[in-house]
Structure formats: C-alpha cells, structure tokens
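Dear colleague,

I am handing over the structure we spoke about, and below it you will find what came out of going through it. Please keep it open while you read.

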Amino acid sequence: MTRPDPNLYDYWPYQGRPKIEWPGGKKLAFWIAPNIEYYEFDPPPNPQRQPWPRPNPDIVGYSQRDWGNRIGHWRLMDLLDKYDMRGSISLSIGLIDHHPEIIEACKERHWEFFSHGIYNTRYSYGMDEAQERAVIEDSIKSAQDATGDRIRGYLAPALTHTERTLDLIAEYDFWYSCDLFQDDQPQPLKTTTGKLVSMPYSLEVNDVITYSVQGWSPQRYTDILIRHFDQLLEEGEESGTVMCIPLHAYLVSQPHRLRVFEEALKHIAAHRDDIWITTGAEIAQHFRDTYWDQSLADISARGVATGGTGFAPA
Amino acid sequence: MPLPEDYLTYPHRSHGMDQDLYYWDPADRRAPVQLASGAKAMATIVVPLEFFPLNPPGEPFKHPGAMKTPYPDLRHFTTRDYGNRVGVYRLLRALDAAGLKATFAVNAEIARRYPPLIEAIRAAGHEIAAHGVSTAHIHHAGLSGAEELALIENTRKAFPEARTWMSPARNQSFKTMDLIRQAGFDICLDWEMDQRPPPMRTKAGPVHALPLMNELGDFKLLLDRSQSEDEWADQILEAARFHVDEHEQRGAQCFAFTLTPYAAGQPFRMHAVRRILEGLASMEGLTVATATDTVDAFSEGTT
C-alpha cells in the first residue's frame, strides 16, 4: 500500500517563526557538501532503476566519475583550503576501501563524513528491513574504523528511499538527514525514536541539477549561488537560515568551471562576519541542543500538526 | 488497409469554430474596448498552490510537476512542498512590497491541509480561486459525468465563495465548462484563445475566459526550457508593455501569468520576481488586478 503523504514532518509556515540565531549571533549557517562517490564498473541490476544510462559498462560515465576522485577532488580540496572552509562529505562508504588516500586527506583537514550509502550504484529500492539495517550498520562501522569518528548524517544513496529509511537512521542515533527539500531552516522529523533533524541540503543549487539537468553555464551557476546566498542572508536577519552547496568534483572541478565557481565562494567568504561557516553535524548539533523544543512548540501552536510518525499517520 | 471513408469527411467545416463553446471573433473585426479606469492594459498574477501526492495515479497523464522517481519519491514530494511552506510566503511578501493583489489558485487538498496559508492569503486581500481537488485529480473526457461532478462539488465545498476556476493541469473534459458554471463559477483560467476575457457559452450561463499565457509560465520557461531568471522577467515585462503600446490600435487587452511558489519562490529567483512586480506596478497605462477584478473591468468596458 502506498500513501499520498510521507507524514515525516508537519506543516510549518515560513512566516512568523521564532528566531534562530547561530553561534556568535550569525544569521546564516553555510556548509559545503562535496559528494565523494564511487560508481561501480559492473553493478548488479536493481528491479526499479538502471545503474547507468547505457548498459554496463558505461565507459564515459564511469571514467568521468573516477576523474572526479583522481583529479577533481584534489582541485576542490585546494580551493576549499584557500577559503579556509571545511567540507562535509557525502561519502559512498565503499570508497573508504578503494581510495583511503582521499579519506586521509579529508581527515587531516577535519572535514566531516556522512553516509551516502555503500556505492552510488546500489539503491534502497526493494530492500527489506534487515538489508537496510545492514547498509546503515556497515556505514557506521566502516567510517568509525577509518576515521575514529561516529558519522551523524545521512543522504540515501542516489536519493533512493524506502518508507522506513528515516525511522532507521533516527534509531541508529543519526542527527540529521539530507533527504528532504521542503525548507531553508532545519526542522524536527517525526520518527518513531531518536531526534532526527531535516537539514537543508538543496537540489536547486546542487551542481548535478544546475550543470547536468538544467544545463546551465558556469557563470550562470555562480550568479545563482550569489543570489541564493544574498536572499537567505537577508532573511537570516529575522531568523537564521541554512545554505548548503552540494558539489560533485566530477562536475564542478572541470577545468572550464572551477575558477568561475570560485567567484561564488569569494563572495560568500567576504561575508564571514555575518555567517557561520560550518559542517552539517555542527548545525544539527546546535539545532538539537538549542532549537529543537522551540521549533516543536511553534509547529504545534500553528494548529495543523497531524500527529503520528513517518508513513504512520495518527 | 486504408483509413475508413469518414476520415475524409469534415462535418464541422464551415465559417467559425468547430465547437459551440465560443464564437470566432478576429482582432481586427471588432470594436476596441475602453476601460472605465482608463487603463490601457491589465495583467493578472496567478499563484497556483498545488498538492502533489507521493502516489499519483497518472490518469490520463502525469501532472507536469508530479513525482518522477520510484515510490517513495521524497525528493519531488518535498521539492514541491517547499513552495507551499516557504516559497509562497516569499511571494506574499514581494506582492505586499509592490502593493499588488494576485489570484491564488488553490487545490481543495491544500485548503484542507494548510489552513494557516489560506488565512494569510485572505488577510492580505488576494483573491482565492478554486483549482480542483489536487494534481492527482485531473479532469478528462474519460471520467463519467458523476465522477467529474463529484470533483467539482468537493472543490466547491472547500471554496464556497470563489468565482474563478482553474482545472488541475488546466485540463478539461467536454463537460467541464457546463459543470463549473452550474457550480457557480463564472471565470475560468484554462482557456487562452483571446487577449480579452471573452464570455464562453455553457448550459448554465456565460463563463469568462481570462487568458493565462502558457508561453509565459514560470515552470515552463525556467524549468522545462531552462531559461534564465532575467530572460523570464524580461518577457513578462515585454508582454505588459506590448499591450499598453497596442492599446491605440486594439483597445484594452489583458493577460495573466503564473508565479509558481516552488519555482519562482526559490531564493535565487526572488530578485527577478521583485523586478517583475515593481516593473508592472510602475508601468504607465497598466493595471495589475485579480482575475475577478480584471474580468469585471472588461465586462463594464465600453466600445
């Protein structure tokens, strides 16, 4: 049986929300999420989605993504170093085994890691609960073994979900999900256990959407990032907003794009005094510690909360 | 096997239209209309507020904004929902700043789910138009009369006072116009055959068709055609200026365009929204008004 509404969060009008202030009185929490993904050469089929647009092996698609890890990642890391910004990595956990050099370099820089599934060619569609638990447990353990840290964020592989995905990650004490796109501020999610925050990530300014789906030029992407930032910073004066730039080195680090993209970072970095340049986990932690109860109270006061939990209405 | 013989017979082949919903009335054979206000042209902003369920039936086709990936497509559900909880409040604020009133075309399902949004729209003095039950309830010729009547009655219950109707995905059956007029709607945003709001014939009386230009649609231009925000804004402002300039030759004309909250209400598009609204508000000879005020102004116009 399918449902019309996920019931994962309640309606919360953007107008008149109680004020959020980020640490240091900052108006906007800014984070960058490089997706460091591993796409398999000969992935097994999933009944609901083809792994590659062409039959395996899809040489251009595969090798461009590998280029992202061999060449592009290192360019992007240099660029973020230049602006003293840390990445929050949306990690294909399998990459830990394939390319530990990338993990080490990110760890040295105190970048955050969160799980983006095992491979970006293995989808959640059709998994039973035990299989989905195995992916989550593998993610936690593999990342912990490689970095010493417990991961706190989740973005389902290739944005493929089941009805239980968010309940499961909440149960495993994840702090935030990047899977939902309904807001520019964090919001508590209605999971059966845990304390899971819906973290603004973004498809609208995600480089996969802008470069590949919309087909926009490097300059247009930069213009959009600057306008997006300016609007959210202005609104952050009333109540703190979140802006994420989700990136993929195989796209943004292309030689014809990276220096144009840098103009957007330069613009954002010039507003350092007003913004909190941070990571996904730090935003989630601050929200959970400071604004969780305030948000729930305001949502409840709007009189339209529906009760129940995700995919289980009251 | 050739086509049947009647494939080459043309029963409606005569002067005028091949249907009875309205008559043929070419632009250069009619008297120009002058509006009592003295406005040379009118523009109407239509803000659709739509509910996109996770499990759309896809009958008789998938709504252009419907889910795209396998169930549960949380990605598209939440991307659309962004408009109803965040984007629309940005549009309300921008309309207020420009001093303009719009027509919000609302699914009954949105009114049921999000009463605070409906209150905010009413409190700001905008028009609320009925936009069917939801994007999963498309009117089409495959529905029985009773099925379509039920859709319209359910929508009417959510909007007892609305005069303006817009069908989900602007799709109709052959009976829709009769049924909406019988339910008391006398303005419709589905048809765009004219540059005035001409009366259409139904069994229950006239319904005025205010032209909502699909070629100016924000979803179409910004998402389907990937045009830039500046190109989009320029085209809307040019359409308005064109009608002001054509007034001398053709009299008063009108057009409507959409501001879709999940598209236009994105942070990086608000600069273009503000430019459109300020440009229209300050344009000499142009009046921006709701669908009902525009239709009433033309009904009271003189030739």
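For the 314 residues of chain A, a compact globule would have a radius of gyration near 20 Å, and chain A agrees with this at 19 Å (the radius is taken over C-alpha atoms, and the globule rule is 2.2 Å times the number of residues to the power 0.38). Please bear in mind that this is a predicted model, in which local features need pLDDT of at least 70 and side-chain atom pairs count only at pLDDT 80 or more, while totals for chains, interfaces and linings use all residues. Residues are numbered from 1 along each chain as its sequence is written, and chains are lettered from A and ligands numbered from 1 in the order in which they are written.

The C-alpha atoms of chain A fill a box of roughly 55 × 50 × 40 Å along the principal axes, and its secondary structure comes to 11 helices and nine strands (DSSP runs numbered from the N terminus, with helices being H or I of at least four residues and strands E of at least two). Of its 314 residues, 49% count as buried, meaning that 20 or more other C-beta atoms, placed from the backbone, lie within 10 Å of the residue's own. Among contacts in chain A between residues at least 6 apart in sequence, 77% join residues at least 24 apart, a contact being two residues whose C-beta atoms, placed from the backbone, lie within 7 Å.

Chain B has 303 residues, for which a compact globule would have a radius of gyration near 19 Å, and its value of 20 Å agrees. The C-alpha trace of chain B spans about 55 × 50 × 40 Å along its principal axes, with 10 helices and nine strands. In chain B 50% of the residues count as buried, and 74% of the contacts between residues at least 6 apart in sequence join residues at least 24 apart.

Where the chains meet, 29 residues of chain B are in contact with 36 residues of chain A. On the chain B side, α1 (74-98), α3 (115-123) and α9 each supply at least two residues, and the largest share, 10 residues, comes from α1(B). By class, that side has 18 nonpolar, seven polar and four charged residues (Ala, Val, Leu, Ile, Met, Phe, Trp, Tyr, Cys and Pro count as nonpolar, Asp, Glu, Lys and Arg as charged, and the others, Gly among them, as polar).

Within chain B, α1(B) and α9(B) pack with their axes 9 Å apart at an angle of about 30°, which makes them roughly parallel (angles under 35 degrees count as such; axes are lines fitted to C-alpha atoms, for helices over the stretch in contact, and angles run from 0 to 180 degrees between N-to-C directions). The residues that meet include B:Leu91 and B:Leu95 of α1(B), and B:Val273 and B:Leu277 of α9(B); the contact divides into eight nonpolar, no polar and three charged residues.

Helix α9 (residues 270-281) of chain B also packs with helix α7 (residues 229-250) of chain B, their axes coming within 9 Å and crossing at roughly 15°, so that α7(B) is roughly parallel to α9(B). Among the residues making this contact are B:Trp232 and B:Ile236 of α7(B), and B:Ile276 and B:Leu280 of α9(B). The contact of α7(B) with α9(B) has eight nonpolar, one polar and three charged residues.

With best regards

How values were computed: Buried ≥ 20, exposed ≤ 12 C-beta atoms within 10 Å, placed from the backbone. Parallel < 35°, antiparallel > 145°, perpendicular 65-115°, else oblique.
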